[in-house]
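Biologist: I am new to this structure and would like to go through it step by step. Please show it first, and then I will ask.

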Amino acid sequence: MTEDLLLRVENLTTDLVTRVEGGERALRVCDGVGFEIRRGETLALLGESGCGKSMTALSLMRLLPLSGRIVSGSVRLDGTDLLALPEREMRRVRGGRMGMIFQEPQTSLNPVLTVGQQIAEAVKIHEGRAKASTPARVVELLRAVGIPDPARRAGEYPHQLSGGMKQRVMIAMALAGDPQLLIADEPTTALDVTIQAQVLRLLKGLQRETGMAVLLITHDLGVVAETADRLAVMYAGQIVEQANCDDFFAGPAHPYSRKLMESVPTAEKRAGELAVIPGRVPPLDRSFGGCRFAERCFREMEHCATTVPGWFRAGPEHRVRCLLWADGQPSFEPATAQAASPANTQTAGEALVHVDALQVHFPIQRGLFKRTVGHVKAVDGVDLVLRAGQTLALVGESGCGKTTVGKGILQLERPTGGSVRYDGADLARIGAGRMRRYRKDLQIIFQDPFASMNPRMLVGDIVGEGLQALGIERGRGARRRRVAELLDQVGIGEQAMERYPHEFSGGQRQRICIARALAVSPKVIVCDEPTSALDVSVQAQILNLLKQLQRDLGISYLFITHDISVVSYLAHEVAVMYLGRIVERGTTTEVLEDPRHPYTKALLSAVPVIDTEQRRSIIRLDGDMPSPAQPPAGCHFHPRCPEALPECAKAYPEQTRLSDTRTVRCIRVS
Amino acid sequence: MPVILLTDALIFLLIAVAIGFGVYAARHEHLRGPWRSVGRSPVGIAALVVIAFYVAIGLLDSLHFHPRLDAPTPAEPVQQEAAPENGAPDPGPRYSTQVLSVLDLWLTPLRERDEKTFSAPFATHLFVKEAIEQPDGSTVRDYPRLTHGGAHLKNPANRTADIVLRTLLGLVKGLMAWTLILAALTWWLARRRGETFNDCARAIWSGRTQVPWRVGLITLALMTVLGFVAAELAVKYHILGTDKVGEDVFYQSLKSIRTGLVIGTLTTLVMLPAAIILGIMAGYFRGLTDDIIQYLYTTLSSIPGVLLIAAAILMLQVYMTNNAESFESLVERADLRLLFLCLILGITSWTGLCRLLRGESLKLRESDYVQAASALGVRHSTVIARHILPNVLHIVMITVVLDFSGLVLAEAVLSYVNIGVDPTMNSWGNMINSARLELAREPIVWWSLAAAFVFMFTLVLAANLFADVVRDAFDPRLRSLR
C-alpha cells in the first residue's frame with residue numbers, strides 16, 4: 001500500500017502572525033494536520049469557514065500569505081520533502097507536480113490576456129517541449145476540459161467566457177504541468193448547480209484518464225458524497241475525523257460531523273427543527289487544553305475540556321479524535337426530527353400578493369444621446385401568488401431574474417409592465433408617496449449579511465431605522481425598547497444595540513437583518529438567498545428562526561434561492577424560473593418529487609445528494625444560460641433542452657394546468 | 001480697534017467647522033480609529049508639529065486691527081484694543097487707517113527697519129555701491145553701512161563672532177523653552193496615565209508610548225531652537241537679506257505663510273459644499289440630475305483653469321478701480337482679491353472630487369443597506385445624510401489634505417504670471433516673481449528666491465507627508481494590508 005502513496009502530510013502546523021499593539025499575535029490556523037493521499041484518489045477536506053482548510057492547502061503549496069509561517073511538520077510528495085526544498089525547486093513543483101484551482105475563477109484569470117496566452121504560459125514553464133508545439137498543446141488542454149471549439153476559444157479574453165467556462169480554463173492551466181496532485185479549493189462554490197455538475201464530472205473524468213490525485217476542499221457534504229473516495233473533517237485547525245466516504249456517511253463518528261450532517265436541510269426534516277451547533281468556532285489564538293469542540297458538543301463529558309483527545313479507531317479505515325471512542329463504540333441516538341410542531345398544515349392561506357405578468361426590462365443605452373437599442377428582459381411576464389403564512393420558493397440559476405422579481409414586488413426596481421396587487425392597490429402603478437404606506441407590510445432580507453448593514457451605524461440605529469422612518473415609534477425611549485425586544489426575539493440580545501455590525505459573525509448579522517425587517521411588523525418578507533453566504537450549521541439556525549417566526553407571526557415568505565435542499569425543508573410552494581419566466585409551479589412535493597419541465601428535471605438531478613440511494617442520473621445540460629438581452633426564439637430553454645422538438649423553437653409554450661396548484665410551460669407536458 | 005477682513009471671517013468659520021468636525025469624529029469610532037492611527041504614526045506627528053508652527057503664525061497674522069495713532073510706541077496697542085468697546089465719553093482715541101495684524105506687531109522691529117535696497121543675508125553693508133560722503137567732505141563710491149543690519153557692531157569684522165554668540169544664546173533660550181514644554185507634557189501625560197513623572201519620562205524617551213511623543217518632541221526641539229535662534233539674530237541682522245526696496249525678506253516670508261494657508265484651506269472650504277452635494281446627488285439620483293451635473297463639470301473642467309482665473313481676476317481688478325471709494329485700505333483690496341482667487345480656484349477644482357463622489361455614490365446606492373433603507377421607506381434626504389455621506393467622508397478627507405499642497409504651489413505659479421494675489425500682498429509667489437529679474441544680476445541676488453523656496457518647501461513637504469499618512473489611515477484597501 002505504501003507504493004501507491006502519493007502525498008503524506010505529518011504534523012503540519014502553521015501560524016498566521018498579526019502585529020497587534022505591543023507585540024505579535026499568532027493564529028494557529030493548522031495544528032498538527034496529518035493525512036495521506038494515494039495515487040488516483042480523491043480526498044475531501046471538509047469543514048466550515050475559518051477551520052483552516054484553505055490554509056492547509058496553501059501550506060502544502062508553500063504559498064502562504066506574508067504573515068504566515070509553517071512552524072513544524074513535513075509534507076512528502078512522492079518521497080520529496082516539500083518543506084525542505086529551496087524556493088527555486090519549489091517553483092517547479094507548483095503547477096508542475098502539484099496544480100491548484102481556486103474558488104473564484106473570475107479573479108484568477110488576467111483580464112488583459114487571452115485565455116490561450118495564459119494557458120500557454122503555464123505550458124511553457126512546465127514542459128520542456130519545443131515552443132512550436134505550444135499552441136497545439138493549448139488546444140489539446142482546452143479540449144481535454146471540454147471546451148467546445150477550443151481553437152477559437154483560445155483567442156478569447158476571460159470576460160467573453162461564462163463562469164463555468166472560466167473554471168474549466170483554470171483547470172486546463174492546472175493540468176498543463178501534468179500534475180500528480182490537483183488541489184481544488186472550493187472549485188464549484190461560485191457556480192450554479194448545473195454548472196457545478198459539469199465541472200465535477202469533468203474532474204472525475206480527468207482523474208480517470210490521467211490517474212492524478214485530487215485534494216478537494218469544500219464545505220458541501222453533497223459534493224463530498226458524490227466525488228470523494230475518502231474525507232477528512234477539519235475543525236478549528238485540526239483534523240477531527242478521517243474515513244472512507246461510505247463509512248462516514250453510514251455513521252459519522254465525531255459529534256461535530258454528526259451535527260453537521262443533521263443540520264443539512266432535507267424534505268424529511270420539514271416537520272421539525274434542524275439540528276444546530278450552538279456557539280461558534282473558537283478563536284485560534286489560544287492554546288487548547290482539551291477538545292476544541294467540547295464547549296459546543298452535545299455529548300460533552302467532564303474530562304473533555306481538560307484532556308486533549310488522541311486518535312481512536314472507529315472502523316477499519318475510520319479514525320476519530322474524540323474521547324467518546326476511548327472505550328469502544330458509543331451509541332448515538334438516531335437523528336430523528338424533533339417534532340416540535342405538527343406537520344405544516346397544507347391548508348392554503350388566503351392570497352396576499354398577486355403578481356400578474358410582471359415585467360422588469362432594463363434599457364440598453366448606447367451612444368452620445370443614450371439611445372435605447374434594446375432591453376435586458378430580466379423579468380419577462382411572471383405570475384405569482386403569495387399566500388398568508390406560507391412560503392413560496394423561487395428557484396433558478398444565477399442570472400435568471402429571481403432577485404429582480406423580489407425587488408420588483410417591493411418596488412425597489414420599478415416594474416415596466418404587469419401588476420403587483422396588494423391590499424386592493426396596484427403597487428406597480430402608485431407613486432412613491434403612496435407606496436410608503438405599504439412599505440411597512442413588505443420587507444426584504446438580503447443575501448450578504450456583510451454588505452447589508454451600514455458599517456458606520458450602531459446596530460440599535462440600524463434596527464430602529466424603519467420604526468423612525470415610517471413614524472411607527474416616534475419617541476426615542478419607546479423605539480429603543482422595541483429594538484431591544486426585537487433583538488431578543490432573533491436571539492441576539494439587547495446589549496448588541498451599542499455595537500457596530502463588524503463586531504458580529506455572519507450568522508449574527510443575518511439575525512440583525514431579520515430583526516430590522518421584523519421591526520415594522522411586515523406581512524410579507526422577501527428573503528433573497530438569506531443563507532447562501534453562511535455555513536451549514538449557521539444556515540440551520542437561520543432557517544429555524546425563519547420557520548419559527550412564520551409559525552408565531554404568520555409572515556409569508558418569498559424565498560429566493562438556488563439551493564434545492566433549503567426549498568424542500570422550508571417551502572410550501574415552488575416556482576422554477578428560467579431566463580425571466582416561470583417554467584413550472586406547484587407545491588413543493590409535486591415539483592420536487594415529480595418534476596415535469598425538462599429544466600426542472602435537469603436542475604434537480606444536478607443537485608449533489610448525500611444519500612446514495614436517492615441519487616438520480618444527472619441530466620446533462622450543455623452550455624450556459626443565454627443572455628436575457630437576446631432570449632432564444634420560442635421556448636427559452638429549447639437550445640439546451642435534452643427533449644427539445646422542432647416546434648419548440650416556434651413559439652413560447654402556453655401554460656399547462658396539471659392540477660389546482662400546478663402549472664407547467666412545456667409543449668411536451670399535456 | 002479690531003478689523004475683521006473677509007478672509008479672517010472665513011478662517012474663523014473654518015476653525016469652527018474643524019472643531020465641530022473634531023467633536024463629531026471623536027464620537028464616531030469609524031472616524032476616530034483612522035485619526036488615532038494618524039496620531040500614532042511618527043511621520044504624521046513630525047509633520048503635524050511643523051504644520052502647527054505654520055498654522056500658529058498664520059493665525060497670529062489673521063488677527064487684524066487699526067493701530068491707535070497717538071500710541072507712543074507701537075508695542076502697546078494690544079492692551080488698547082479693548083478700549084474702543086466701552087463707548088468713549090472723551091473724544092476717543094483716533095485710529096490709523098492702516099491695518100496691522102498681531103504678527104506685524106510682534107515683528108515690528110523687522111517690519112520697520114527698512115534698508116535702502118538689496119542687502120545680502122547677515123550683511124553689514126549694502127549690496128550696491130553708493131556715493132558716500134566722508135567726514136572730510138569728499139565722496140567715495142563704496143558699499144555703505146546698513147542703517148539697521150549689523151548697525152550695533154563698531155567693527156564689521158567682528159560679525160562672525162557676534163553671530164556665533166547670538167546663535168548660542170538663541171540655542172540656549174530655545175532649549176530652555178523646549179525643556180519647559182517637555183516638562184509640562186510629561187507631567188500631563190504622567191497624570192493621565194497614573195504613573196510617576198520619572199516613569200513617564202522614561203517611557204517617552206525609550207519610545208514605548210503609543211503616540212510617538214519622542215519623534216514629536218525632537219521635531220519640536222528642532223523647530224523651537226530654529227525659531228529662537230532666528231529671533232535672536234533677526235533683531236540685529238537681516239538674516240535672509242533685504243529686497244529691492246529694502247524690506248526684510250525674513251519678514252516677507254513669515255507674512256507669506258498666511259497667504260499660502262488661506263489659499264490652501266479656504267479654496268477647499270469653498271469647493272467642498274458644491275463637490276459633496278452635486279457629486280452625491282449625481283450618483284444617487286442618476287437620470288436627468290446625473291446628466292445635468294455631469295455636463296456641468298465636464299464643461300467646467302474642459303475650460304483651461306488659468307484662462308478662467310485670469311479672466312476673473314482681471315474683471316475684479318476693473319471693478320475695484322471703478323469702485324475705489326468703497327475700499328477703506330489697500331489691505332482690504334488685497335484681501336478681496338485673495339478671497340476671489342480662492343473662489344475661482346475652488347470653482348475650477350471641485351470637479352475632481354465631484355467625480356470621485358459620484359462614482360462612489362453610484363456604487364453605494366446599489367448596496368444592500370441603501371436598498372434595505374428604501375424598502376423601509378426612508379426618505380431620500382435621510383438616506384443621503386445617514387447612509388451615503390458617512391460612507392464617502394473618507395474620500396473627502398483624503399482629497400482635502402492631498403489638494404492642500406497643490407493649491408499652495410498653484411498660488412506661486414499664478415502670482416508668477418501676475419494673476420495671483422495682489423502685488424502689495426506678501427506671498428511666496430510674489431517673492432519669486434520679483435526675484436525673477438534679479439537672477440540675471442551679477443553677482444546674483446539669490447536670497448528672495450531661496451527664502452520663498454525654503455518656506456514653501458517645508459510647508460508643502462510636511463503637508464504631503466501628512467496627507468500620505470491620512471490617506472493610508474483612511475483608505476479601506478490599505479487598511480486590510482496592515
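Biologist: Is A:Glu584 buried or exposed?

Modeller: This is a predicted model, in which local features need pLDDT of at least 70, side-chain atom pairs count only at pLDDT 80 or more, and totals for chains, interfaces and linings use all residues. Residues are numbered from 1 along each chain as its sequence is written, chains are lettered from A and ligands numbered from 1 in the order in which they are written, and side-chain values use heavy atoms, with hydrogens and water left out. Buried means under 20% relative accessible area, exposed over 50%, and partly exposed in between (1.4 Å probe, protein chains only). A:Glu584 has a relative accessible area of 0%, so the residue is buried.

Biologist: With which residue does A:Glu584 form a salt bridge?

Modeller: A salt bridge is a side-chain nitrogen of Lys or Arg within 4 Å of a carboxyl oxygen of Asp or Glu. For A:Glu584 the closest N and O atoms of the pair are 2.2 Å apart. The partner is A:Arg662.

Biologist: How many residues apart in sequence are the parts that A:Glu584 and A:Arg662 tie together?

Modeller: Helices (H or I, at least four residues) and strands (E, at least two) are DSSP runs, numbered from the N terminus. A:Glu584 lies in strand 22 (residues 581-587) of chain A, and A:Arg662 in the loop between strand 23 and strand 24 of chain A. Because of these places, the pair ties together parts whose separation in sequence is 78 residues.

Biologist: What is the bridge partner of A:Arg657 in strand 24 of chain A?

Modeller: Strand 23 and strand 24 (residues 663-664) of chain A pair in the antiparallel sense over 2 bridges. In strand 24 of chain A, the partner of A:Arg657 is A:Thr663.

Biologist: Which residue forms a salt bridge with A:Lys523?

Modeller: A:Lys523 lies in the loop between helix 16 and strand 19 of chain A, and at 41% relative accessibility it counts as partly exposed. Its partner lies in the loop between helix 13 (432-439) and strand 18 of chain A, and counts as buried at 10% relative accessibility. The closest N and O atoms are 4.0 Å apart, and the partner is A:Asp441.

Biologist: What is the phi of A:Ser521?

Modeller: Most residues other than glycine have a negative phi. A:Ser521 lies in the loop between helix 16 (506-518) and strand 19 (524-528) of chain A, and is partly exposed, with a relative accessible area of 43%. Its phi is positive, near 45°.

Biologist: How many bridges join strand 13 of chain A to strand 16 of chain A?

Modeller: Strand 13 (residues 351-366) of chain A also pairs with strand 14 (residues 371-387) of chain A, in the antiparallel sense over 13 bridges. In that pairing A:Leu358 stands opposite A:Val382. With strand 16 (residues 417-422) of chain A, strand 13 runs antiparallel, and the number of bridges is 5.

Biologist: Which helix of chain B gives the most residues to the nonpolar patch?

Modeller: Patches are made of residues with over 30% relative accessible area and no salt bridge, with like charges joined within 9 Å and nonpolar side chains (Val, Leu, Ile, Met, Phe, Trp, Tyr) within 5 Å. Areas come from the Shrake-Rupley method with a 1.4 Å probe, and for residues only the protein chains shown count as cover. The patch covers about 650 Å², and B:Phe12, B:Val23 and B:Leu59 are among its members. The most, 4 residues, come from helix 1 of chain B.

Biologist: Which residue forms a salt bridge with B:Asp8?

Modeller: B:Asp8 is in helix 1 of chain B, and its partner is in helix 10 (residues 249-285) of chain B, 250 residues apart. Both residues are buried. The closest N and O atoms are 2.5 Å apart, and the partner is B:Arg258.

Definitions and conventions. Two strands pair if DSSP finds at least two bridges between them.
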